[in-house]
Amino acid sequence: MNAEKTASIHPTAIIHPTAKIAAGVEIGPYAVIGEDVILQTRVRVGPHAVIEFADIGEGCQIHASAFVGTAPQDLKYRGERTRIVLGPGCVVRECVTLNRGTAATGVTRIGSRCLFMAYSHAAHDCIIGNEVIVANSVALAGHVEVGDGAILGGLSAVHQFARIGKLAMIGGGAMVPLDVPPYTIAQGDRAKLAGLNLIGLRRRGLNQEEITTLKKAYRSIFFSTTPMKEQLAQMAQDPLIPPVREMVEFIQKSPRGTCRPARNAGRATED
């Protein structure tokens, strides 16, 4: 697979002997392609970028001064041979840092067509889905999981081991200590739910009937007088449309607990 002769590599770039570079790859000035790297076809690496212990999918763009696959910022890390995997079509903008995994899981895994804006960070052992948008200066701590299509607003931060559900949206500047259920919006410090991500749901093709059903489920879960655990168990026994079942099961399986609406939110937040 090493096709350096058919790739465009600037003469100042440094390429480790173990790196595998496919045809059509472009590597800019002073970039460092380190040990155990695979660059699939049409990957573009900007000037001064550093990549190591990484599998970079087809068509990814790694911009200037980004660091991909560098060692975890974890005091328990002892130099184990771990990796980071980026799916095809990801865009990693300037000065982004994406750390490889630790011995806990062995890998940091990022799906396809994700966008990491400048200065954002994903720590060791994160699992990030497809088409996720991580805005400027977002910080994802170790072992964070982010579902498909989620959007994280600028300057937000997510606590280690927390989960962000599918199509959730995190408001700019939010501090997220707990899980955020799929299809919801969370904002503030410490983050509270502010309803459903209605614009995101419509953009993803959910029809009005599905959205109305999801609204009713949201109210039942978070505004019922029945304890949440009992409410979820009762709902799980009923026939549910897939988005509602996903929300119910996500909350039921939450090891940390989930963000909830502010005490004074009221039902109006979903109208």
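# Reading a predicted model, step by step

Modeller: Let's begin with the secondary structure: the protein chain has four helices and 28 strands. Keep in mind that this is a predicted model.

Biologist: How does the radius of gyration of the protein chain relate to the globule rule?

Modeller: The radius of gyration is 20 Å, close to the 18 Å that the globule rule gives for 271 residues, so the chain is as compact as a globular protein of that length.

Biologist: What share of the residues of the protein chain count as buried?

Modeller: A residue is called buried when its relative accessible area is under 20%. Here, 49% of the 271 residues count as buried.

Biologist: Which residues touch the most other members of the largest nonpolar core?

Modeller: Those are L39 and L86, in a core of 75 residues. Several elements give two or more residues to this core, among them strand 9 (54-56), strand 12 (83-86) and helix 4 (242-252). Helix 2 gives the most, with seven residues.

Biologist: And what does L86 touch, leaving out residues up to four places away in sequence?

Modeller: Touching is judged by heavy atoms within 4.5 Å. For L86, the list includes D55, I56, G57, C60, I62 and V68, along with V92, L98, I110 and G111.

Biologist: In which strand is V85 found?

Modeller: V85 is in strand 12. With residues up to four places away in sequence set aside, V85 touches D55, V107, T108, R109 and I110. D55 and I110 are also on the list for L86.

Biologist: How far apart are V85 and M228, in sequence and in space?

Modeller: V85 and M228 are 143 residues apart in sequence, and their C-alpha atoms are 37 Å apart in space. For the chain in general, take contacts with a separation of 6 or more: residues 24 or more positions apart account for 31% of them.

Biologist: Now a loop residue: is S112 buried or exposed?

Modeller: S112 lies in the loop between strand 15 (107-110) and strand 16 (115-116). Its relative accessible area is 11%, so S112 is buried. Its contacts, not counting residues up to four places away in sequence, are G87, P88, C90, G129, N130 and E131.

Biologist: Last one: how far apart are the mean positions of the positive and negative charges?

Modeller: The mean positions of the 29 positive and 24 negative charges are 4 Å apart.

Methods. Residues are numbered from 1 along each chain as its sequence is written. This is a predicted model: local features need pLDDT of at least 70, side-chain atom pairs count only at pLDDT 80 or more; totals for chains, interfaces and linings use all residues. Side-chain values use heavy atoms; hydrogens and water are left out. The radius of gyration is taken over C-alpha atoms; the globule rule is 2.2 Å times the number of residues to the power 0.38. Buried means under 20% relative accessible area, exposed over 50%, partly exposed in between (1.4 Å probe, protein chains only). Lys and Arg count as positive and Asp and Glu as negative; His and the chain ends are not counted. The place of a charge is taken as NZ of Lys, CZ of Arg, CG of Asp or CD of Glu. A nonpolar core is a set of buried Ala, Val, Leu, Ile, Met, Phe, Trp, Tyr and Cys residues joined through side-chain atoms within 4.5 Å.
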